[in-house]
Amino acid sequence: MHQELRFATFNVCNLALPGTKYYDDQIPYSVEEYDTKISWLAQQLDKLDADIIALQEVFSQTAVTDVLAKTEKYRDAHHAGFDPAIDADHLTPSVALISRLPLKNGAREFTSLPNNLVIPLPGVSDAITHFTRPILHAQVQVDPTLLINVFVCHLKSKLPDYRNMAETDVLDHYIDQTGMAMLRSLIRRGVDALGLRSLLTMQSQSEHLPTVVMGDFNDIANATSTQMVMGLGQYPTNGHDNRLFDCTKIQSQHALHNEIGYTHMHDGNFEIIDHILVSEEFNSASPHAIGEVIDVRYLNDHMLFRQPHMSDHGAVLVRIRLCPHQGALREGGTRRI
């Protein structure tokens, strides 16, 4: 029986194979640059020493495999992830999941928004029907009696969404084009959040299990998009709280590094935009708790003196202490709430 689970999320910053043009304005990695990057990433994963790790900005799952081969602690880990479609007109960064615990039935990728969701975008003829980047869902088998839903996400960034097509004359005359591009990014991030929240609700209704959502949300915990994913304002159903909780708010041990933690720097601002959210089963205040968040830690020293092969994000590590005597009911040998 596991007494502690460790979850981590890390935006690895443009993990692509050597010679691959992953962005038009970026020079592909040489073999030497690639080896330096994957060697550094392997060291970071070993430092985290987490049971389940979510990765973002992955352009090649083969590159993830190369990273794992250079680690000491993840050479035999389970790896789930999906590459862009072969016929795609450009590479889209994806996500990946690494687990030292078994994955039940592999992993599933969500590219289309659920429930036939269609959202118009200002100045663009085609409406939004897909996530900016696919969502990954897997079920981690902690032990024979505990199964956990894990979702990995990377929501749209704040980078202005400029379009090659011209705006209408009215927009050209009255509205700043950069402002319109920023609005499009904001809407897309909100749509990503709404789509993810819908997936979480659907999953909970079909099979309610303890849930962890990890990734790069590209905004702080109090942002509307992040709180949409958390289900802020939702009412309990069937006696259970369907919201997600920010681990930094419910951790039982507060330390100095928790007060000054950050995962991203921009224009002199230090922010936490990479989050790990958990369902009520890991909130000690819930009557259905089966564990509690001990603390949240950040691996971010590399950001202050960043070199080209390093990530521009810090990693987040959450430690959860399992308390099997608390709340959870058992059905068919598996904890189901």
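Trainee: Where is the place of asparagine 115?
Mentor: Asparagine 115 is in the loop between S5 and strand S6 (130-143). Keep in mind that this is a predicted model.

Trainee: Okay, and is asparagine 115 buried or exposed there?
Mentor: Asparagine 115 counts as exposed, because its relative accessibility is 58% and the cut-off for exposed is over 50%.

Trainee: What about the phi of asparagine 115?
Mentor: The phi is positive, about 60°, although asparagine 115 is not a glycine. Most residues other than glycine have a negative phi.

Trainee: Where would I find asparagine 105, then?
Mentor: Asparagine 105 is in strand S5, which covers residues 103-112. Asparagine 105 isn't a glycine either, and has a positive phi of about 65°.

Trainee: And is asparagine 105 exposed or buried?
Mentor: Exposed: asparagine 105 has a relative accessible area of 69%.

Trainee: Switching to salt bridges. How many are there?
Mentor: The count comes to 14 salt bridges. One of them joins arginine 188 and aspartate 161, with 3.1 Å between the closest N and O atoms.

Trainee: Which parts does that pair tie together?
Mentor: Arginine 188 lies in helix H4, while aspartate 161 is in the loop between S7 and helix H3 (169-174), so the bridge ties together parts 27 residues apart in sequence.

Trainee: Why does arginine 188 count as buried?
Mentor: Because its relative accessibility is 19%, and buried means under 20%. Aspartate 161 also counts as buried, at 7% relative accessibility.

Trainee: Which residue does arginine 189 bridge to?
Mentor: Arginine 189 forms a salt bridge with aspartate 219, and the closest N and O atoms are 3.6 Å apart. Arginine 189 lies in helix H4 and aspartate 219 in the loop between strand S8 (211-216) and helix H5 (224-230), so this pair links parts that are 30 residues apart in sequence. Both arginine 189 and aspartate 219 are buried.

Trainee: Which residues do salt bridges that share partners join into one network?
Mentor: Start with arginine 297 and aspartate 295, whose side chains meet in a salt bridge at 3.2 Å, N to O. Bridges with shared partners join Glu4, Arg6, Asp295, Arg297 and Arg319 into one network.

Trainee: How do arginine 297 and aspartate 295 come out on accessibility?
Mentor: Arginine 297 is partly exposed at 33% relative accessibility, whereas aspartate 295 is buried at 4%.

Trainee: New topic. How many cavities of 30 Å³ or more does a search of the whole structure find?
Mentor: The search finds 3 cavities of that size. About 130 Å³ of space lies in the largest cavity.

Trainee: What lines the largest cavity?
Mentor: The largest cavity has 15 lining residues, and Leu200, Ser204, Thr211, Asn242 and Leu244 lie nearest its centre. Going by class, the lining has 4 nonpolar, 7 polar and 4 charged residues.

Trainee: Which elements each supply at least two residues of that lining?
Mentor: Strand S7 (146-154) and helix H4 (177-206) do. The largest share, 4 residues, comes from H4. H4 is also the helix that holds arginine 188 and arginine 189.

Trainee: Which residues form a nonpolar patch on the surface?
Mentor: Met265, Phe270, Leu304 and Phe305 form one, and together they have about 450 Å² of accessible area.

Trainee: Where is phenylalanine 305 found?
Mentor: Phenylalanine 305 is in the loop between strand S13 (291-299) and strand S14 (315-322). Its relative accessible area is 70%, so phenylalanine 305 is exposed.

Trainee: Last one: where is the place of glutamine 56?
Mentor: Glutamine 56 is in strand S2, residues 52-58. Glutamine 56 is buried, with a relative accessible area of 0%. The C-alpha atoms of glutamine 56 and leucine 97 are separated by 9.1 Å, and these two residues are 41 residues apart along the chain.

Trainee: And which helix does leucine 68 lie in?
Mentor: Leucine 68 lies in helix H2, residues 61-69. Leucine 68 counts as buried at 6% relative accessibility. Leucine 68 and leucine 45 are 23 residues apart in sequence, with 8.6 Å from C-alpha to C-alpha.

Methods:
Residues numbered from 1 in each chain as written. Predicted model: local features only at pLDDT ≥ 70, side-chain atom pairs only at ≥ 80, totals over all residues. Heavy atoms only, no water. Patch = residues over 30% accessible without salt bridge, like charges linked within 9 Å, V, L, I, M, F, W, Y side chains within 5 Å. Areas by Shrake-Rupley, 256 points an atom, 1.4 Å probe, with all protein chains shown as cover. Salt bridge = Lys/Arg side-chain N within 4 Å of Asp/Glu carboxyl O. Buried < 20%, exposed > 50% of the residue type's maximum accessible area, 1.4 Å probe, protein only. 1 Å grid on protein atoms, 1.4 Å probe; cavity = no way out; pocket = protein on both sides within 12 Å on 5 of 7 lines; lining within 4 Å. Points joined across faces, edges and corners; volume = space filled by probe spheres on them. Nonpolar A, V, L, I, M, F, W, Y, C, P; charged D, E, K, R; others polar.
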